[in-house]
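Here is a short tour of one protein chain.

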Amino acid sequence: MSTLLGVMVGALTNLATAGWSWGLSVGLLAAAACWTFWEVRLRGSEQRAAEVEARDKVLAPLDRAGAGEAGAFGLLVADRRVVPLQGRRATMELLQAWCDSEEPAGVLVVSGPAGVGKTRLGLEFGLQLPEPWVAGWLRPGQAAAAMSAVVDCGDPALMVIDDADTRAELPRLLEVLAEHGGRPRVRLLLIARDGDALLAGLRPLVADASRWLVQGANVVEVGALGGAGDRERWYALAVGRFARKVGVLAPSTASLAGVVGADDETMLALQARALLTVLTAPGQVGAVTAVRRLPVGQVIAELFTHEQAWWEGSAALERWGMSGFASETRERAILVLAVRGTTDEESAVRALRRVPDLADATGSQLRSLARWVASLYPAVGSRILMKPDLFGDWFITDRLTSQPRLAAALLSDLDAAEMEWALAVLTRAAAVFPSMLPVLAQVWEAAGGSRIEAAVRTVVVHHTARLDQQFAVFLAHADIPVATLEAVDAQLPEHQMPRSKAAVAQRLVALYRGLAADDPAHQPNFASALNNLGTRLWALGEHGPAYEATSEAVTLCRALVAESPAHQPTLASVLNNLGIRLWAVGEHRPAYEATSEAVTLYRALAADNPAYQPTLASVLDNLGIFLWALGEHRPAYEATSEAVTLYRALVVDSPAHQRNLASVLDNLGTRLGEVGEHRPAYEAASEAVVLYRALVLDNPAHRSGLASALDGLGGCLGALGEHRRAFEAASEAVVLYRALVADNPAHQRNLASALNNLGTRLWALGEHGPAYEATSEAVVLYRALVVDNPAHQPNFASTLDNLGTRLGAVGEHGPAFEAASEAVTLYRALVVDNPAHQPNFAIALNNLGTRLWALGEHRPAFEATSEAVVLYRALVVDNAAHQPTLASALNNLGTHLCELGEHETEFRHRQEAVDLYRTMAERDTDIYGADYERAVTNLQAVYVRHGKDNEAVRLGLLPQPRDSGDSKRRPESPATPDSPRMQD
């Protein structure tokens, strides 16, 4: 522009002095304009080049297919792309839809077990993005500069972070990304083994203003895929690609045919088998068949010998100067650098001196050794990582666990940065290879109280049931001060790592007990610690010890309240928890009394301070559960309904109460269904499910609540005759509970209940075989649960009753009678202590009559069903919801009377059943209309069979033709009610 301006001034000056012609001036101006245009383009091009260069400094290319030499392990690394990506079309489409969203910023997590193909999926998705999209791996340590470098280029960008759970700079990147509100679109794709745990760990680390980005992040779970035929085909393809890569002749197609690995084997394991086949097959008869059948661990071990050979070949090169080191020493050098996570050459030298063989080596020798290791494996930052992760984890685990003295030497005297890295590496390995757990425990011991929170972070990210158990053992014996223990307790997420949380709670109780003995001022903290311990133990299913801890807390709080009313909130809290503990061990009346006292206290507290209204609503919800267990149906409904009203008002001001509203709506649906209000029950249960689905997207800890709500929704749908939808809800509940049980066996009672209900749903669809399998599994679970806690006897009896029905349907009349008889025996004992069990007792008696009828025991069948009818007549007086089961029992009683030849009494009972069905159909035709028509038709058939055609005509239907007498209707076997569910 300066050039153009100068020429214009000169031309105008010359024209004014008549020194130049107009033509020459115009020519100069045109030339200057062209020059300026070129100058602007050149500067723009230089600026663009600078912006792209800055972006390249933060985003590394995704594709390394043409990278340099690699060992056996390196050929399996995702970004080598030796074998084409298989499957995953639906997941790729989901990722594309996420990128195409108009939101300026977004986060998505690809999650799944080691070796399942997460990294490869992220890589291939990034490579297939069309222009102008740009995708790359976010380079370590570049989080601060990443956003400005990407945004300045103006192209929409996908930043991919592998092993996101090891990247300490991630919270900072999320905070900067959350501030991006315009163009271009920026997407952050995180890859981790446990996406839910990653997001849960990130939430407290990011600022409040950017937490929405973490809360709104979706987690895409990636699992093993393909059937046996797919795996065989993919295996053969991989063998061909690896053979071409290493330059050998592939085995024949015929020799590759056959079963490959296990059904749930990951793609990495399958490709490892293919590579091992290529490396070992030449000249070895039967090698292909052997490799196809090897355990995965042995496949890795066999490949490791080839990796070692690659090390030896590289070490033989003169430029590295490795001739002075033995092969075992070089291997230990790789191990120590991988475990200690050195950040520069000098720290690598210090780490290498930890290897006993290298203690006396010169600095120059150690630097050469460090450079050689760095040439073998690409670094994340300056840290050595052996890829694929699973294979690196195997190597570290195998060497450290087989050489305890070496492990002690390599892991001693870790500084803060080394400790952080070692904890991340060893915890990740221990999550896949449990044999690493003792070594990891030694590092926890070395970390001590000052660094324990770093250990907690890594365990939370990689948590497994075994990790939780080992960490709980460590916490139970570690010398950790009170303040640190309380910080650890706050750091452990709710509904995860229950054993560790219980261990922390036990330590705090022990510490505060001692402090309170010396100084009464610590008694409030001691009471709070006891209350917390009760909650933690209850979550583990240890109901007896949980009750003892909470009971002791109540005693302490009563004494504190006697000294000062200021402790009333604490007393109310522990009374509420005491009610839950008592209910869990079957003490329903004491549970009601404790909870009722808590409600009274919270009503007074809420009257003075509205901040107590949420807790009042929660305690009212529990009170409704206990009242129902005592048979007080109307007060139970009123308490639960009041809780719903309170929570609806609270949610208006604070969405944080949505979880509580979902819980009480779930329970309200149960209350309404049990009094026969099936449509309102469905509406409440459906709303609870909708709320829980939204909550689970934000926090997977709500999965247990969603499972409970789905289980309840299945019952409501079943009552409305929506049997297919009922099955779908119940089936989803079972899937959720199975996953929860894997982390915490305390959910077994919920899984057993859901399986029992799933059996009911399947039965309604006529799927008698699957219904039997689900109910049978529930019986097995309940038998084990009852041994430890008799409070499960009601649910056990209910499930046995259902099992009898399932067995009877497949002709197993003897076992069916045994199951039904055991259920009746259990209910007789239960009714003595609590009349609220009478409805289920009546159902069990009715079903027992059916079982006896099938065995030809007509008189005992009549007696059992007659007792059921007597019970139902009394129950119907208080609750019309029992009319359907009374009608069913009356019909069955008619069948037994027919067998005994008492036909007049038979007709009277069948007519009473018809009258009941008519009343119900008038109340709700959609639900009971079909039952009424069926009852009329059945009674008509009975009249016709006994020659009473006039009575059949009087029913308003055409007489049915007489049969030979084989059309006697078998007794009905109504399924028992869905097992009760409770939210704590």
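Strand E2 and strand E6 (residues 218-221) pair in the parallel sense, over 4 bridges. Strands count as paired if DSSP finds at least two bridges between them. Helices (H or I, at least four residues) and strands (E, at least two) are DSSP runs, numbered from the N terminus. The model is predicted, so to speak of local features pLDDT must be at least 70, side-chain atom pairs count only at pLDDT 80 or more, and totals for chains, interfaces and linings use all residues.

Buried means under 20% relative accessible area, exposed means over 50%, and partly exposed lies in between (1.4 Å probe, protein chains only). Ala105, Val107, Val109 and Ser111 point one way from E2. Gly106, Leu108 and Val110 point the other way. Both groups are buried.

E2 also pairs with strand E5 (residues 186-192). That pairing is parallel and runs over 7 bridges. In E5, Val110 stands opposite Ile191. In E6, the bridge partner of Val110 is Val220. Strands of a sheet pair through backbone hydrogen bonds, either parallel or antiparallel.

What is the order of the strands in the open sheet? The sheet has 6 strands, in the order E1-E3-E4-E5-E2-E6, with mixed pairing. Strand E1 (59-60) and E6 stand at the edges with a single partner strand each, so one side of each has no neighbour in the sheet.

Strand E3 (residues 134-138) and strand E4 (residues 157-161) are another parallel pair, with 4 bridges. Here Val134 has Ala157 in E4 as its bridge partner. Helix H5 (residues 143-153) packs on the sheet and touches E1, E3, E4 and E5. The direction of H5 makes about 155° with that of E4. Such angles run from 0 to 180 degrees between N-to-C directions, and axes are lines fitted to C-alpha atoms, for helices over the stretch in contact.

Helix H9 (residues 228-246) packs against helix H11 (residues 267-280). The crossing of H9 and H11 is right-handed. Right-handed means that the near helix is turned clockwise from the far one by less than a right angle, left-handed that it is turned anticlockwise.

On the H9 side, the residues that meet H11 include Arg231, Trp234, Tyr235 and Phe242. On the H11 side, Met267, Leu270, Gln271 and Arg273 are among them. The residues of this contact divide into 12 nonpolar, 2 polar and 2 charged. Ala, Val, Leu, Ile, Met, Phe, Trp, Tyr, Cys and Pro count as nonpolar, Asp, Glu, Lys and Arg as charged, and the others, Gly among them, as polar. Contact means heavy atoms within 4.5 Å.

**Residues with backbone features**

| Site | Feature | Value |
|---|---|---|
| Glu131 to Pro132 | cis peptide bond | omega near 10° |
| Lys387 to Pro388 | cis peptide bond | omega near -10° |
| Asp163 | positive phi, residue other than glycine | phi near 50° |
| Asp413 | positive phi, residue other than glycine | phi near 55° |

Where do these residues sit? Pro132 is in the loop between helix H4 (118-128) and E3. Pro388 lies in the loop between strand E8 (383-384) and helix H17 (389-402). Asp163 is found in the loop between E4 and helix H6 (170-178). Asp413 is in the loop between helix H18 (404-410) and helix H19 (416-432).

Is Asp413 buried or exposed? Asp413 counts as exposed, because its relative accessibility is 59%. Asp163 has a relative accessible area of 10%, so it is buried.

**A histidine in a loop**

His657 is found in the loop between helix H30 (633-653) and helix H31 (658-674). At 16% relative accessibility, His657 counts as buried. Which residues does His657 contact, leaving aside its neighbours within four places in sequence? They are Pro614, Tyr647, Leu650 and Val651.

**The whole chain**

The secondary structure comes to 44 helices and 8 strands. Of the 984 residues of the chain, 52% count as buried. The C-alpha trace spans about 125 × 85 × 80 Å along its principal axes. Among contacts between residues at least 6 apart in sequence, 68% join residues at least 24 apart.

Technical notes
Residues are numbered from 1 along each chain as its sequence is written. Side-chain values use heavy atoms; hydrogens and water are left out.
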